[in-house]
Structures are given as structure tokens and as C-alpha cells.
Amino acid sequence: VIQVADPGPQTTVQDLGRAGHLREGIPPSGPVDVRAFVIANRLVGNPDDAAGLECTVLGPRFTVERVCAIAVTGAEASVTVNDAAAPQWATLVLKPSDAVRVGAARHGVRIYVAFSGGIDVPRVLGSRATYLRGRLGGLAGRALRRGDTLRLAPHTGPRRPRRLTAAEIPALEPAPEIRVVLGPQADRFTEEGIHTLLSNPYQMLPQSDRMGARLAGPPIAHARGHDIISDGIALGSIQVPGDGQPIVLLVDRQSTGGYTKVATVGSFDIGRIGQVKPGGRVRFRAVEVAEAHRLRSEFEQSLAQAAGGGVSR
Amino acid sequence: VALCVELGDAISVEINTRVRALEYLIQQKGPAGVVETVPSFRSLLVYYDPAQVGYDALCATLTTLAEQAETAVLPPARLVELPCCYEPEFGLDLAAAAERLKLTTDELVRIHSGAEYLVYFVGFTPGLPYMAGVPERIQLPRLTTPRVRVPPGSAGLGGAQYCIYSVESPGGYWLLGRTPVRLYDPEAAEPTLLRAGDRVRMRPIDRAEFDSIAAAVAARTYPPVIT
């Protein structure tokens with residue numbers, strides 16, 4: 001059992017998400033930065049889809065009541081165990097009543113904490129992921145609160161403590177170049193509008209959340225109106241409402257919407273854009289569908305090998 | 001990874017029926033690599049796994065299925081009857097809408113509850129039905145100033161479209177009444193009530209019946225009326 005002394009501003013239970021319910025308006029949820037989440041699970045010997053915590057900007061303080069292993073990945077933050085500094089991207093073996101404190105993100109936004117065995121909350125529609133707006137899944141459909149207790153499932157995987165080398169740790173880039181495929185409504189923008197999107201930096205706004213990354217920069221000009229007949233919104237869709245400011249839709253997105261979508265961020269770059277702090281900048285580069293598929297398969301392969309590879313379920 | 005199959009560029013029963021037929025064919029035939037589908041008015045968003053199927057191969061498969069969708073026969077639609085209380089406390093815009101339409105509130109309620117509405121698709125928020133089929137006599141442009149908060153269950157009109165809010169959200173539709181039935185209940189085994197292709201009718205109820213149904217819904221003893 002984990003006793004949560006202070007969860008941080010928005011800490012939720014996530015697993016790899018619930019597929020198949022967008023047609024009912026229920027998004028997949030799951031971690032924004034899948035790579036960091038999966039590596040955390042592997043470091044504690046869990047299957048990739050075991051439930052862990054996603055923390056936003058500031059990590060939690062908690063105490064463990066039995067021997068377990070944890071790993072802290074994602075955004076760069078200080079970690080202490082009983083006030084002694086401990087590394088991120090490493091297996092930390094804890095004993096009963098050890099107190100862990102994860103500090104504020106120095107670089108990046110989303111911090112992940114995995115626990116050996118995984119957090120044991122009921123599966124809802126096949127997943128333990130929290131969908132905050134829908135009050136669904138995770139711990140009673142909400143973010144963690146002070147005083148919550150989290151049960152861990154029995155740990156069955158291997159125990160092989162390890163620490164990633166500096167070269168193995170995914171870089172947190174201050175101004176990442178994000179790869180996009182143009183469309184599906186690129187024809188609703190002027191050529192100049194598309195050029196504006198691809199040649200200027202866009203700044204992350206503080207109102208960004210798990211639903212969407214809101215960006216500010218030179219307005220992207222529409223050719224004929226910003227409204228379309230509402231249709232489905234893919235992960236990474238870049239919506240451009242009337243003000244010309246792009247919104248990249250993420251894991252808790254609305255399933256459908258009525259604004260024009262200029263381009264789609266490749267799934268392999270969702271975690272990178274999700275780690276850009278408010279005030280940070282991103283640039284967009286267009287790639288063809290075939291190139292996007294190649295980048296995705298490259299991403300999948302590197303993920304398959306990360307942290308010594310996955311544990312079979 | 002997803003691609004979008006567009007079957008038209010208008011809100012019409014014909015185009016939407018083809019969208020739902022295409023989704024039905026995909027459900028029946030299970031083409032390789034398709035992970036999830038999201039129908040909307042005139043298009044079907046198809047999520048797929050590029051490790052299992054290439055873009056060009058999937059496009060070819062979906063083109064063939066889209067052709068078959070023109071004549072495909074869908075399973076019979078469900079008819080869902082939703083009780084709706086049109087008292088002023090819930091129908092916040094009922095009186096204003098009636099005045100603008102030069103109808104009495106009773107006439108507006110009779111026309112609204114006399115029509116049958118097709119659920120084109122469910123989306124935006126969990127369980128929210130996008131419906132059309134609003135009789136022309138009661139069509140109104142959307143509110144000029146949207147409300148910041150519309151309570152769940154509110155039945156709203158905007159142009160030819162009709163929706164019932166499934167969760168508290170902002171909204172620009174004219175609110176005529178409220179149903180005590182939950183269109184989205186995160187604690188239910190099946191959290192959403194309505195599906196694309198359902199037909200919906202509203203049954204006018206008074207405040208006392210609203211309260212008794214609301215109590216049954218809260219106690220999870222209210223069976224939705226579906227035929």
C-alpha cells in the first residue's frame with residue numbers, strides 16, 4: 001500500500017489507455033509521453049501496460065508500507081528517498097515506511113512513477129487509465145488527493161534493478177521539431193497559412209492539458225472559413241479555430257469536433273510535444289505519410305528495445 | 001494512426017447512413033489492421049495499425065467497402081424513449097423560443113416531442129448524441145451568447161440539430177427541457193446510453209415524474225425504454 005502525503009497538482013493513475021470507445025465519445029487517455037511511461041514500468045519489472053502515475057509539473061510525496069521497487073521517469077525532477085537524493089530512470093528498491101519525494105519538473109512537464117506490480121484499481125471499459133473530464137477509470141475517476149492510499153497488485157515479473165545510461169535517457173528538448181502529416185483539411189487553408197505553420201515557432205500556452213496542447217504564434221490563415229461539418233479527431237490532430245492559433249489534440253481529446261484540422265502530429269512525436277513547458281517553443285516540419293510510417297516503426301523498434309526490452313504479459 | 005473516409009460534404013440522412021453502413025461492414029468483415037472507428041455526420045475516422053496494414057492497402061480495402069456501403073442493409077435501429085420535463089426550471093429557453101416561433105409553449109412541446117430524431121453519431125463529450133430531424137416549424141438559429149454551463153440531460157435545439165447534453169459543458173443551443181435519464185454514467189457497466197443510428201423520441205413528463213425517475217436512475221433501478 002502507498003500512502004499519498006501530497007499528490008502534486010494533477011497526478012492521475014494511467015495505463016496504456018482504453019481503445020475502442022471513441023465512437024461513444026470516450027477518449028483513450030493513457031500517458032501523454034508513452035516512452036517515459038513504458039520505461040518506468042520496465043525498470044520495475046512490470047508489463048508495459050501496468051498502471052502507474054502521471055504527474056504534471058510537480059511530483060508526489062508518498063510513503064510505502066511494504067518492500068517494492070519504483071522508478072521515476074519523464075520530466076527532469078529531483079527524487080529523494082528518506083531525504084537522500086536518488087536517481088531518475090533507475091530502479092529504486094524501497095523498504096517499509098520509506099518516504100519518497102518527487103520535486104518540481106526542471107525540464108519537461110510530465111513525470112511518471114511506476115511501482116512494482118502496478119497500481120491496483122479496477123479496470124473500467126478494459127483499462128485503469130483515468131479520464132478526468134469523464135470522471136472515468138483510475139482512482140474513482142479523479143486526480144489523486146492528499147491522504148489517498150493506493151494498493152499495488154502482486155509483483156510477478158523479474159527483479160533486476162538497473163539504471164539507464166545517460167545515452168539511453170530520452171532527451172528533453174527545449175524547442176523540439178515536431179513532424180506532421182498535412183491534412184485532413186489542409187485545403188481549407190491558404191498556401192501562406194500552411195507556410196506560416198511550417199516556418200515559425202509556436203509557443204506552448206499554460207492552459208494546455210491532457211486534452212490538447214494550446215499554442216500561440218503567427219495566425220494560420222484559412223482559405224474559406226474555420227468551421228467544418230463536425231468529424232472525428234485523431235491523436236495529434238492540429239485544430240485551427242477562427243483565431244488561427246493551433247491546438248494539438250492529445251490523449252484526453254474530444255472524439256469529434258467542428259474546426260478545420262491543418263495537419264496531424266505523428267504519434268511518435270506526441271510525447272515530445274507533451275513535454276514542452278508553457279512558454280517553450282515548438283517548430284513543425286511536414287513529412288509524407290510513408291515517411292511518417294517509417295518514423296513510427298523506428299519509434300516502435302527503439303521503444304521495444306528500451307530499458308532492456310519489454311516483459312511479456 | 002488514423003485515416004478519414006469522407007462520404008460527402010453535407011448533413012443528410014443518406015450520407016450518414018452510408019457512413020454507418022461502412023462502419024457496420026468493417027465490424028462484420030474485420031479488415032486486417034483496423035483498430036477503432038469513429039462515425040460522424042459525413043465521414044468515418046478509421047484508426048489502424050500500420051505494422052499490420054499499409055496506408056495504400058487499407059485505402060483500397062476501404063474504397064471497396066465504401067462502394068458496398070451504398071447498398072448495405074443495416075440492422076434495425078433501436079427506438080429510445082426519453083422522458084423529458086419541459087417545466088420552466090429545466091426548459092430555460094422554452095418560453096423565449098416559443099415567442100420567437102410565434103407558438104404557445106404547449107404547441108412547441110407538442111411539436112418537439114412529436115418528432116423522431118436520428119442519432120447521426122455520438123461524440124464530442126462521452127455519450128452526447130448529435131441528432132437531426134428537427135421539424136422546420138421549430139428551427140431556430142443558435143443562441144447568440146452560449147451558456148457557460150449547461151446541466152447534463154438538457155435538451156437543446158440549434159438550427160436543424162438537436163442534442164442532449166451528456167455532461168455539464170458550455171452550450172449554445174436553446175434549452176427546451178431536461179431528461180432525468182443519464183446519457184453518460186461513468187459508474188455504469190455501459191457508460192453511454194445512445195449509439196449512432198438510434199432513433200430518439202421525447203415523452204413529456206411533469207416535475208413529480210421527473211423526480212421519481214431521477215431517484216430511480218440514482219438508485220440504478222430505472223430501465224431505459226428501448227424498443
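How many residues of chain B are in contact with chain A, and with how many residues of chain A? In this predicted model, 38 residues of chain B touch 31 residues of chain A.

**Interface between the chains**

- The size of an interface is often given as the accessible area lost when the parts come together.
- Between chain B and chain A, the buried area comes to about 2700 Å².
- Carbon and sulfur atoms give 58% of that area.
- On the chain B side, the residues losing the most area to chain A are B:Glu36, B:Phe124 and B:Pro186. Together these three give 19% of what that side buries.

**Second largest pocket**

- The volume of the second largest pocket is about 1400 Å³.
- The lining of this pocket has 46 residues, and those closest to the centre are A:Gly258, A:Tyr259, B:Phe124, B:Tyr130 and B:Pro170. Of these, B:Phe124 is also among the chain B residues that lose the most area to chain A.
- Strand 13 of chain A gives the most, with 4 residues.
- By residue class, the lining divides into 23 nonpolar, 14 polar and 9 charged residues.

**Helix 2 of chain A**

- Helix 2 of chain A spans residues 191-199, and its buried residues are A:Gly193, A:Ile194, A:Thr196 and A:Leu197.
- Viewed down the axis of helix 2 of chain A, the buried residues fall within an arc of 155°, so they line one face of the helix.
- An α-helix has 3.6 residues a turn, so residues three or four places apart point the same way.
- A:Glu191, A:Glu192 and A:His195 are exposed on the other side of helix 2 of chain A.
- The packing partners of the buried residues are four strands of chain A: strand 10 (177-182), strand 11 (202-204), strand 17 (261-265) and strand 18 (281-286).

**Backbone geometry in chain A**

- Most residues other than glycine have a negative phi, and most peptide bonds are trans.
- The peptide bond joining A:Gly183 and A:Pro184 is cis, with omega about 5°. A:Pro184 sits in the loop between strand 10 and helix 2 of chain A.
- A:Asn82, a residue other than glycine, has a positive phi near 50°. Its place is the loop between strand 5 (68-81) and strand 6 (84-86) of chain A. Because its relative accessibility is 38%, A:Asn82 counts as partly exposed.
- A:Ala307 is not a glycine either, and its phi is positive, at about 50°. This residue lies in the segment after helix 4 (289-305) of chain A. With a relative accessible area of 7%, A:Ala307 is buried.

- B:Gly197 belongs to the loop between strand 11 (174-178) and strand 12 (199-205) of chain B.
- Its relative accessible area is 9%, so B:Gly197 is buried.
- Leaving aside residues up to four places away in sequence, B:Gly197 touches B:Arg20, B:Ala77, B:Leu118 and B:Val119.
- B:Ala115 lies 82 residues away from B:Gly197 along the chain, and their C-alpha atoms are separated by 16 Å.

Technical notes
Residues numbered from 1 in each chain as written. Chains lettered and ligands numbered in written order. Predicted model: local features only at pLDDT ≥ 70, side-chain atom pairs only at ≥ 80, totals over all residues. Heavy atoms only, no water. Buried < 20%, exposed > 50% of the residue type's maximum accessible area, 1.4 Å probe, protein only. Helix = DSSP H or I, 4+ residues; strand = E, 2+ residues; numbered from the N terminus. Arc of directions from axis to C-beta. Contact = heavy atoms within 4.5 Å. 1 Å grid on protein atoms, 1.4 Å probe; cavity = no way out; pocket = protein on both sides within 12 Å on 5 of 7 lines; lining within 4 Å. Points joined across faces, edges and corners; volume = space filled by probe spheres on them. Nonpolar A, V, L, I, M, F, W, Y, C, P; charged D, E, K, R; others polar. Buried area = accessible area lost by both parts, 1.4 Å probe.
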